[in-house]
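Below are my notes on the model, as numbered points. Please read them with the coordinates open.

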Amino acid sequence: MIKRILKVAAINLALLLVLAAAAELLFGTWFSKDPLDQLGLPRSTRTIVSAAPLYAGGGDFVYRRDQWGFRGDVDPAKVSILTIGGSTTNQLYLPEDQTWQQVLERQFRDAGRTDVVVANAGIDGQSTVGHLQALRDWFPHVPGLKPRFVLAYVGINDTQVSGTWVDTLRHHSFNRIVKQKSALFRLSRQITGMVVASRARLRHDRVDYTAAKWTETGAQPVPSGDSNVEQYRQRLKLMADEIHGMGAVPVFVTQTRGDFKKVGGKLMGMVTETGPNGVDQYNALTPYNAATREVCREHGLLCLDLARDLQFGDGDFYDYLHNSPQGAEKIGRWLYSKLAGLV
């Protein structure tokens, strides 16, 4: 009986190994010489996306990534402003012409600056860990890409980053090769990212703001300190160095969320059934925005303080942190007001 069980287990294990090997050969990049294939970027893709469940007026549209991994269809040689960030930069559920990048570009075009092209290199779930890797391993391999500005819309996703091995990106060479080339590793990373995003409420879900309840009190203790903030500061400086190395000007933009707001000078956070509420999210994000301002001040970098300067209202977010077309319009116009005299 035991021998039979062991034999069945061995056969099943062998079949799994064969299937895994086949998947790696079909979907991995073990034999590709294209450096962009090693990053697991969505490239040359067209997907139908429906925003109907998320906000009024949302419908079906085509979401595109070009051969270089940028959203839409971009001539790298014409890019003036390269934008990097997570899902709030990618804006998966907004049509291309309603993203804040396209609003920004239209503002320049309407002012007679048809030479200004804004590229969207946002990747859902990516933090400054991923942005730093992109600056080192993605953008240098895009032919003709010489942006004048690299705009980093960062902070929110970094509140979920932990672990020094992730922060330093110093992997053993064999480990890094496997992580870059393995289809199964990319799949596991995507699944893990979805789970983390779900737990942190970073996924895309419609929130009924008209029925929301607000509180001045956090549901969790105020954090006394976060060692990850210091590592975030270090990554910002490294990103600035990489951007300068591209011959571009780094621009860091602070972030805010839709589940907290100031009312009469008081902080109000959205009540949640479980986990952190809006006040807790404010307390988690504020040290990262402060670190962004400090790094810019200490190193003479350009910081656009969206978190403090831009006021959002009803209908500007469709969930806790993703903007509706109305909110993206505000961001694009605000960015233009800050960059018009510089670009």
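1. Two strands pair if DSSP finds at least two bridges between them. Helices (H or I, at least four residues) and strands (E, at least two) are DSSP runs, numbered from the N terminus. With these terms, Trp-214 stands opposite Met-270 in β9, and Thr-215 is opposite Gly-269 of β9.

2. On provenance: this is a predicted model, in which local features need pLDDT of at least 70 and side-chain atom pairs count only at pLDDT 80 or more, while totals for chains, interfaces and linings use all residues. Residues are numbered from 1 along each chain as its sequence is written, and side-chain values use heavy atoms, with hydrogens and water left out.

3. The chain as a whole has 11 helices and 10 strands. Of its 343 residues, 47% count as buried, where buried means under 20% relative accessible area, exposed over 50%, and partly exposed in between (1.4 Å probe, protein chains only). The accessible surface comes to about 17,600 Å², with 56% belonging to carbon and sulfur atoms; areas come from the Shrake-Rupley method with a 1.4 Å probe, and for residues only the protein chains shown count as cover. Taking contact as heavy atoms within 4.5 Å, 75% of the contacts between residues at least 6 apart in sequence join residues at least 24 apart.

4. The strands of point 1 belong to an open sheet of 3 strands, ordered β6-β9-β8 with antiparallel pairing. Its edge strands, each pairing on one side only, are β6 (214-215) and β8 (260-263). β9 (residues 266-270) is joined to β6 by 2 bridges and to β8 by 4. Lys-262 has Leu-267 of β9 as its bridge partner. Because 4 of the 5 residues of β9 are buried, this strand is largely enclosed by the rest of the structure. The hairpin of β8 and β9 has 2 residues between the strands, and Gly-264 there takes a positive phi near 60 degrees.

5. Which residue is buried yet has no salt bridge? That is Arg-71, located in the loop between β2 (60-65) and β3 (81-85). A salt bridge here is a side-chain nitrogen of Lys or Arg within 4 Å of a carboxyl oxygen of Asp or Glu. Lys and Arg count as positive and Asp and Glu as negative, with His and the chain ends not counted; on that basis the nearest side chain of opposite charge to Arg-71 is Glu-96, 4.8 Å away. The Arg-71 side chain does reach the backbone oxygen of Asn-90 at 2.9 Å. Leaving aside neighbours within four places in sequence, the residues in contact with Arg-71 include Phe-61, Tyr-63, Gln-91, Leu-92 and Asn-120.

6. Two residues other than glycine deserve a check of their backbone angles. Most residues other than glycine have a negative phi. Ser-44, in the loop between α1 (2-27) and β1 (45-50), has a positive phi near 50 degrees and is exposed at 57% relative accessibility. Gln-91, in the loop between α2 and α3, has a positive phi of about 55 degrees but is buried, with a relative accessible area of 7%.

7. In helix α3 (residues 100-110), the buried residues include Trp-100, Val-103, Leu-104 and Phe-108. The buried residues of α3 pack against β3, α2 (87-90), β4 (118-120), β5 (149-153) and α11 (325-339). Gly-112 follows α3 and has a positive phi near 90 degrees.

Terms used:
A polar contact is a pair of N or O atoms within 3.5 Å; within protein, one must be able to donate a hydrogen and the other to accept it, and residues adjacent in sequence count only if both atoms are side-chain atoms.
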